[in-house]
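Open the model in your viewer and keep the selection panel at hand. Each stop below names what to select and what is there.

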Amino acid sequence: MIHMELESNLIKKSRLIFLSGNLMMSLGILFVTVGGSWDITNHVLNKPESFESVPHGVMYSGVALALIGTAISFLIWHKIEDKKSLKISLKLGVIGIAVLLSAGPIDFIWHSNFGLDGLLSPPHMSLIIGMILTSVGGMIGLVRYHVLSHSKISKFLIVIGLLPIWLASSGLISSLSLPFSNTGFFNFNPEPVSALIVATLCYPFLISLILISSSRLSKNKFGIITLIGGLFLAIYGTTAILPNFAMSDTILFYSTNLIPLVAADYIISKLNYKHAKYIGAGLLGSTFYMFYYPYIMYTYNEVLLGKLVSPSLIYSIYFELIVQVFFITLIPAVLAAFAGCYFSKHVCEKIEA
Amino acid sequence: MKKYFPIVIASVFVGVYLVLSLGVFPPLYLSKDLPSPQPYLEVKIPNNSISLGESFDLNIFSKNIGDYGDIHILSIGFPSLEKITDEVKVINSNFNHQYNFIEKNTLVGSNYSAGDHKVESQYALIEIMNRPSPPNGSYDFQLLITPKNAGLYEIYVKVIEIPHTGELSHFPQQGLLDPQGEYVSVYSVMVNR
């Protein structure tokens, strides 16, 4: 009897340790994305680059945390009861962290041979893909724990699990759409019209996929969409807007993005209608140009205005374009958001299975 | 009717949001004055005449006397040189970016476009920047030059602020136009045999 109790306690403990590993993986990648966004702002502001900068410190701490989390999950995995259902989480975490860590030597080789790199480069791609895989691995572990535990607090694990995926995937879309990749050696800047198409379709798809998934996984609980969206806005606001002296007062505009979050959250959780999620998704997707303020402006400026942008002019060109971009992109953005909503259904079913 | 109450509430929210983000904030922010940084430049050369084999100092003091700017660019041209060799030595610099030695026939920015429009350089240049460029930010750059040939040794100096919003965004505002289509101040030292 005592032996059985001890064994049960051990299994419970092992699962909690595995959960802690997943939590560290997700939080680690969250740190990397926060540091990355801050670092991009420093580059845009043309501050001198140094290895010991604060954003770099945040990024490296995040990598260390994710690595420790993956190692813990790996070491404890064979002791947990539901190995099979969590195997995919561990697999993605290990592959992700390996790809992420390989970005270090690739970055060194790249810098040694070609000098500074732009946003889209092999080392950065390796970093971003590693981040996405690790964060997906962490999220699956966290969500499956939530499904098994059904505790009230575990709902927040969904937020911690999905937020780094959102930010890391945003980094991938930004790399493929922003004209920040022309260096002395290579011009990896995406072709402007293709970049515009990528941004117009992928950002709304991603917003919808993440936010509708958060709602599905929390069983349409009111507040989850607002919380995860609000955290996204807070991270972008503090790392991409406030550090730029010239546009710090535009934070007021940016904070109004909470309104569509609350509205979509309310519709999805309160409206007794089969397709309520699609209404919410369409609404959220249509606001992507406002959500991704300020840097998204570079993509649309390339095609629509072609103005020379310097950091203190970012906000002015952004607001010059906002009405035009909103109406041009409204229909494709809403359709892409519908696709994200549809896809989220299948993704959530797989995660919860 | 009660069934659609959430839609009515959400529509009001969305309406307010669209009015704010498309109708209220854009004109509000666009009505703000654009920053207008303004550069200023002083150049001191202690000796206007030296003998061949001697050196002279070139002391450059530049400043942003206008609004907050993104980049303060100082450019020093050497019309008699194709590339910077040991005859030009940087003695002192408090710019926060490293200086660049630019050889003849290198693509450089022109017409105050911050690199958007480029032309080939016709002689050796030194370019150095401070990023960003706060109001009243002042910078020193000191060179020790040992000319290798006798004759009139000319140096072109200019400073540009980005964003370049008008005539006041560069210094000098008149004088000689260099091959980049930008005004320069010309300084010279006579090198005697």
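A polar contact is a pair of N or O atoms within 3.5 Å; within protein, one must be able to donate a hydrogen and the other to accept it, and residues adjacent in sequence count only if both atoms are side-chain atoms. This is a predicted model, where local features need pLDDT of at least 70, side-chain atom pairs count only at pLDDT 80 or more, and totals for chains, interfaces and linings use all residues. Residues are numbered from 1 along each chain as its sequence is written, chains are lettered from A and ligands numbered from 1 in the order in which they are written, and side-chain values use heavy atoms, with hydrogens and water left out.

**Stop 1: between the chains**

Select D70(B) and S312(A). Their side chains are joined by a polar contact of 2.7 Å. D70(B) sits in the loop between β3 (56-64) and β4 (71-78) of chain B. Helices (H or I, at least four residues) and strands (E, at least two) are DSSP runs, numbered from the N terminus. Which side chain of opposite charge is nearest to D70(B)? It is R131(B), 9.6 Å away. D70(B) is buried yet has no salt bridge. Buried means under 20% relative accessible area, exposed over 50%, partly exposed in between (1.4 Å probe, protein chains only). A salt bridge is a side-chain nitrogen of Lys or Arg within 4 Å of a carboxyl oxygen of Asp or Glu. Lys and Arg count as positive and Asp and Glu as negative; His and the chain ends are not counted.

**Stop 2: a helix pair in chain A**

Show α5 (residues 155-177) and α6 (residues 192-217) of chain A. They pack at about 175°, with axes 10 Å apart. That makes α5(A) roughly antiparallel to α6(A). Angles under 35 degrees count as roughly parallel, over 145 as roughly antiparallel, 65 to 115 as roughly perpendicular and the rest as oblique. Axes are lines fitted to C-alpha atoms, for helices over the stretch in contact, and angles run from 0 to 180 degrees between N-to-C directions. Contact means heavy atoms within 4.5 Å. Residues making the contact include I158(A), L162(A) and W166(A) of α5(A), and V198(A), C202(A) and Y203(A) of α6(A).

**Stop 3**

Go to S26(A) in helix α1 (residues 2-44) of chain A. S26(A) is buried, at 0% relative accessible area. Among the residues it touches are S135(A), M139(A), I160(A) and P164(A).

Now pick Y145(A) in helix α4 (residues 122-149) of chain A. Y145(A) and L19(A) are 126 residues apart in sequence, but 7.1 Å apart in space, C-alpha to C-alpha. Not counting residues up to four places away in sequence, Y145(A) touches R15(A), L16(A), L19(A) and L157(A).

**Stop 4: salt bridges**

How many salt bridges does a search of the whole structure find? Seven, over all chains.

Select E320(A) and K307(A), whose side chains meet in a salt bridge (3.0 Å, N to O). E320(A) lies in helix α13 (residues 314-352) and K307(A) in the loop between α12 (296-304) and α13, so the pair ties together parts of chain A that are 13 residues apart in sequence. E320(A) is partly exposed at 35% relative accessibility, and K307(A) is partly exposed at 39%.

Move to chain B and select K104(B) with E82(B): a salt bridge of 3.8 Å, N to O. K104(B) is partly exposed at 30%, while E82(B) is exposed at 54%.

Finish at E182(B) and K158(B), with closest N and O atoms 2.8 Å apart in a salt bridge. Both E182(B) and K158(B) are buried.
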